[in-house]
Amino acid sequence: MSLASVKDFFSQHAPDIDVIELQQSTATVALAAEGHGVEPAQIAKTLALRVGDEVILIVTRGDARLDNKKYKARFGTKARMLGFDEVEAETGHPVGGVCPFGLAKPHSIYCDESLKAYDIVVPAAGATNAAVHISPARIVELTGAEWIDVSEA
């Protein structure tokens with residue numbers, strides 16, 4: 001279901017982008033980097049967080065960590081990751097396959113400035129063995145994401 005919704009998203013909005021399915025798991029940054037032959041920083045991980053009653057998604061570099069001070073300055077609260085069981089209910093994607101494409105529900109999406117270090121990044125694509133190769137600018141274009149700076153330098 002989740003992989004299908006991502007494939008459907010790309011067939012409708014960006015048919016030039018192929019969803020790549022590997023035989024092995026790419027559910028962690030290290031596994032994804034190994035599977036796609038890129039450095040861990042080039043993996044675009046999607047974090048699901050709760051801000052008050054709203055769920056937001058932040059796409060950031062694979063090696064980046066949230067900077068609590070920057071996050072609080074931007075969102076006015078401490079970072080609260082969704083619980084493991086909440087992630088799939090909110091996004092439609094399993095942990096390890098979360099991405100900003102083909103979501104089950106509309107959510108505000110943010111892309112961290114750290115992604116701009118790469119011409120091409122590799123976010124998951126709705127399954128623990130699927131991903132796409134895409135420019136950070138194209139992620140923003142396709143999802144309506146907002147650029148923010150909330151990761152540690």
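Which rings do ring pairs link into a cluster with F9? Ring pairs join F9, F10 and F101 in one cluster. The views below take this cluster and other parts of the structure in turn.

This is a predicted model, in which local features need pLDDT of at least 70, side-chain atom pairs count only at pLDDT 80 or more, and totals for chains, interfaces and linings use all residues. Residues are numbered from 1 along each chain as its sequence is written, and side-chain values use heavy atoms, with hydrogens and water left out.

View 1. Of its 26 lining residues, A27, K45, T46, G96 and G97 are the closest to the centre. Two or more lining residues come from each of α2 (29-36), β2 (43-51), α4 (84-91), β5 (122-123) and β6 (130-131). The biggest share is that of β2, with 6 residues. By class, the lining holds 18 nonpolar, 7 polar and 1 charged residues. Nonpolar covers Ala, Val, Leu, Ile, Met, Phe, Trp, Tyr, Cys and Pro; charged covers Asp, Glu, Lys and Arg; the others, Gly among them, are polar. A pocket here is an open set of points on a 1 Å grid over the protein atoms alone, where a 1.4 Å probe fits, with protein on both sides within 12 Å along at least five of seven lines; lining residues have an atom within 4 Å of a point.

**View 2. Strand β2 and its partners.** Strands are DSSP runs of E with at least two residues, and helices are runs of H or I with at least four, numbered from the N terminus. Strands pair if DSSP finds at least two bridges between them. β2 and β5 run parallel, joined by 2 bridges. There, A44 stands opposite P123 of β5. With β3 (residues 54-61), β2 pairs in the antiparallel sense over 8 bridges. A48 has L57 of β3 as its bridge partner. The hairpin of β2 and β3 has 2 residues between the strands, and G52 takes a positive phi near 65 degrees.

**View 3. E34 in helix α2.** E34 counts as exposed (over 50%), because its relative accessibility is 67%. E34 and A131 are 97 residues apart in sequence and 13 Å apart in space, C-alpha to C-alpha.

**View 4. Aromatic pairs.** The structure holds 5 aromatic pairs. Rings of Phe, Tyr and Trp (its six-membered ring) pair if their centres lie within 6.5 Å; planes under 30 degrees apart are stacked, over 60 edge-to-face, and the rest tilted. F9 and F101 form a tilted pair, because their ring centres are 5.6 Å apart and their planes are at 40 degrees. F9 lies in helix α1 (residues 2-13) and F101 in the loop between α4 and β4 (108-112), so the pair ties together parts 92 residues apart in sequence. F9 and F101 are both buried. F75 and Y110 form an edge-to-face pair, because their centres are 5.1 Å apart and their planes are at 80 degrees. This pair links distant parts of the chain, with F75 in helix α3 (residues 68-75) and Y110 in strand β4, 35 residues apart.

**View 5. Charges over rings.** The charged end of R74 sits over the ring of F75, 4.8 Å from its centre. K116 has its charged end over the ring of W147, 4.5 Å from the centre. The test asks that NZ of Lys or CZ of Arg is within 6 Å of the ring centre and within 35 degrees of the ring normal.

Terms used: Buried < 20%, exposed > 50% of the residue type's maximum accessible area, 1.4 Å probe, protein only.
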